[in-house]
Amino acid sequence: MYTGPCKVLHLSSGLLPNSGRFGIVLSNEYQVVTSLWCQLYKTHAPQASGRLLLNYLVIPSKAQVKKPGYIPNLGECSHYRSKIHLKAGDKLRSPEGKPKTGRIQEKCYGPCISSSNCSQPCAKDFRGEIGFTCNQKKWQKSTETCTSLSVEKLFKDSTGASRLSVAAASIPLHILDFRAPETIESVAQGIRKNCPLDYACIIDVVKSSEMTSGNIAFIVELLQNISTDLSDDVTREKMKSYSEVANHILDTAAISNWAFIPNKNASSDFLQSVNLFARHLHIHNKSENIVNELFIQTKGFHINHNTSEKSLSFSMSTNNTTEDILGMVQIPRQELKKLWPNASRAISIAFPTLGAILREAHLQNVSLPRPVNGLVLSVILPERLQEILLTFEKINKSRNARAQCVGWHSKKRRWDEKACQMILDIKNEVKCRCNYTSTVMSFSILMSPKSMTDKVLDYITCIGLSISILSLVLCLIIEATVWSRVVVTEISYMRHVCIVNIAVSLLTANVWFIIGSNFNIKAQDYNVCVAVTFFSHFFYLSLFFWMLFKALLIIYGILVIFRRMMKSRMMVIGFAIGYGCPLIIAVTTVAITEPGNGYMRLEACWLNWDNTKALLAFAIPALVIVAVNLIVVLVVAVNTQRPSIGSSKSQDVAIIMRISKNVAILTPLLGLTWGFGIATLIEGTSLTFHIIFALLNAFQGFFILLFGTIMDHKIRDALRMRMSSLKGKSRAAENASLSPTNGSKLMNRQG
């Protein structure tokens, strides 16, 4: 019998060495190879009636082998597959002869005590365990390390011989490796030996693996090893294979399992590995689409100091949207001028699902979750480039989904707000200016959820506006009731004209504000929204200009004593200032900005700030008027004091009370409360200023009723006289109806 070395070949899973002697005679012509050692590959064949189905490599008969100098040739060697017929009732079993079981034991047995832990083994086909934590008297899975992958399994089918079909009629002898297989100890060693050009030998094994937390952690470590040991010469083919492996664990089906990986930094390590590997990618064409997987895309191009502004666009689908989400990376022209004349490369990688996977390190000052609301875009640029422009389409496009531009800090393992600055935030997209460094290479936008602070301010605004509208309506009713009794002189007449027009302007502006706040912007309603914005702009400006005219009347009354202006001339000046100036400003703003659709914001019916700065057409006049009115209040305070020699303390107290009363009355009437708006524009302003501003301005209508109408003693006296006259008339009518004369007339009529 032939006793030379042999290798039994076939395409099974699992590499299990074994040795022994076999001498089963198959026929007169062929016999099974017997050897001092043979490498056996276990088969997937079923076991039935105690017989194991194996594939054998057989050689010619003993007589031929014993011939001196005999060497088997191509025609003499063949494969033989033993045949077994399954009987009824025979059960299919796994290669180990054991039935397959479920992957995870979903609960622990035993009492569940708060904060206690337990663990369960994985299924028999997996290594590792599942950890559980008792929470609210229920066992909840906390960690999982179940993995079916290993370095051996990655390269089990990587040799040329193992890829041959066991059903072939014959095998060329020169491809048979009769040496003992070399043990593969690392990923880098296996790839260098089996697929050094494209890493393709590991793709099928990875794609066929289940997306358990343990397998995800194994693949993350696999990608880390490749990035560290095999990134010296990254070609397009290598990048594609690398991305196919990464795409497997970025699938939407794998997102939930990332949370159970014991290493909480696995997602950050993964992102850093991808960026490190892409840093060594070679680009051959001027513009190149390198990777186009479902959950990872890579693009790049050559750049130099003569290159015009460049951009890379991505369109990818996320797990919770049916339409693709867009993203764009732009390199400004002024940045490209910093480059040397020789060509450099710019590479960008887009991840639609990575935002849901990245876990930030613990932040003490962040109590609310900060979900990512767009693509995660990584960029690899020359060191000289430091600034890039990024455009993100929002996943959640609701009006409350406020955006924040951020960059991922690889060392701190968290989103860094200081890395980016927002330059545009509209309903659908956000544009950011970001600083690119070696530690901040990936960028995205966070969605700030609506916090209690926002709700408090919303409640204040809603309640305040409702009370203000009712107060302003009541103010106008009172003014109409007492008008003839209080407008005696020219000054008093113009004073009440100002109060009425201030109330009308604020009432109308508040109504338009409410309409704009509850207006859902659609493409077909754009013109309606522009109209809402125009009227809001106009009437809020009218409010301030009528306040300015009232302040001018106060100065006129103080400084001009002997000469008075005619009432008709005052009316013309008042309406020219109160309505003419606002109309000119509003119309001019629309004419300048609206041809480019820049008058209003796209996410709300109010003046645009990001593109055209149209908001300045309201802010500048309002703040200037507030400043002028503040000076008027100071002048009134000085003139109210009127110090006298030898005045007593009681007189001083009376003066202070009089000054305080005048300031309190004039503050809402002259719009000084809007001065708190300056503080709210400063980044990092305390919440107290926001609440004060909301309270003072939301309740401004109530303050006008209180200080401008009710606290005016002349109006109170006129109201009392009006009420008295009404009571007098009602009593006179009652007495007249009960008088004898009327009674006799009534009797005569009845008679």
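Biologist: Is Phe534 buried or exposed?
Modeller: In this predicted model, Phe534 has 18% relative accessibility and therefore counts as buried, since the cut-off for that class is under 20%.

Biologist: And Phe535, where does that one fall?
Modeller: Phe535 comes out at 32% relative accessibility, so Phe535 counts as partly exposed.

Biologist: How are the rings of Phe534 and Phe535 arranged?
Modeller: There are 20 aromatic pairs in the count, and Phe534 with Phe535 is one of them, edge-to-face, with 5.5 Å centre to centre and 75° between the planes.

Biologist: Which residues form the aromatic cluster?
Modeller: Phe534 and Phe535 belong to one aromatic cluster together with Trp512, Phe538, Phe539, Trp546, Phe549, Phe575 and Tyr579.

Biologist: What about Tyr540 and Phe618, how do they pair?
Modeller: Tyr540 and Phe618 form an edge-to-face pair as well, at 6.2 Å centre to centre and with 65° between the planes. This pair links distant parts of the chain, because Tyr540 lies in helix H13 (residues 526-559) while Phe618 lies in helix H15 (residues 616-641), 78 residues apart.

Biologist: Are those two buried or exposed?
Modeller: Tyr540 has 8% relative accessibility and counts as buried, and Phe618, at 9%, counts as buried too.

Biologist: Switching topic, which ring does the charged end of Lys141 sit over?
Modeller: The charged end of Lys141 sits over the ring of Phe260, at 4.3 Å from the ring centre. Another case is Lys299, which lies over the face of Phe314, 5.1 Å from the centre of that ring.

Biologist: Back to Lys141, what is its bridge partner?
Modeller: Lys141 is in strand S10, where it is the bridge partner of Phe132. Strand S9 (residues 129-135) and S10 pair in the antiparallel sense, over six bridges.

Biologist: In what order do the strands of that sheet run?
Modeller: The order is S8-S9-S10, three strands that make up an open sheet with antiparallel pairing.

Biologist: Which strands stand at the edges, and why is one side of each left without a neighbour?
Modeller: The edge strands are S8 (117-121) and S10 (138-144), and because each has a single partner strand, one side of each has no neighbour in the sheet.

Biologist: By how much are neighbouring strands turned against each other?
Modeller: On average, and with direction ignored, neighbouring strands of this sheet are turned by 35° against each other.

Methods: Residues are numbered from 1 along each chain as its sequence is written. This is a predicted model: local features need pLDDT of at least 70, side-chain atom pairs count only at pLDDT 80 or more; totals for chains, interfaces and linings use all residues. Side-chain values use heavy atoms; hydrogens and water are left out. Rings of Phe, Tyr and Trp (its six-membered ring) pair if their centres lie within 6.5 Å; planes under 30 degrees apart count as stacked, over 60 as edge-to-face and the rest as tilted. Buried means under 20% relative accessible area, exposed over 50%, partly exposed in between (1.4 Å probe, protein chains only). Helices (H or I, at least four residues) and strands (E, at least two) are DSSP runs, numbered from the N terminus. A charge sits over a ring if NZ of Lys or CZ of Arg is within 6 Å of the ring centre and within 35 degrees of the ring normal. Two strands pair if DSSP finds at least two bridges between them. Axes are lines fitted to C-alpha atoms, for helices over the stretch in contact, and angles run from 0 to 180 degrees between N-to-C directions.
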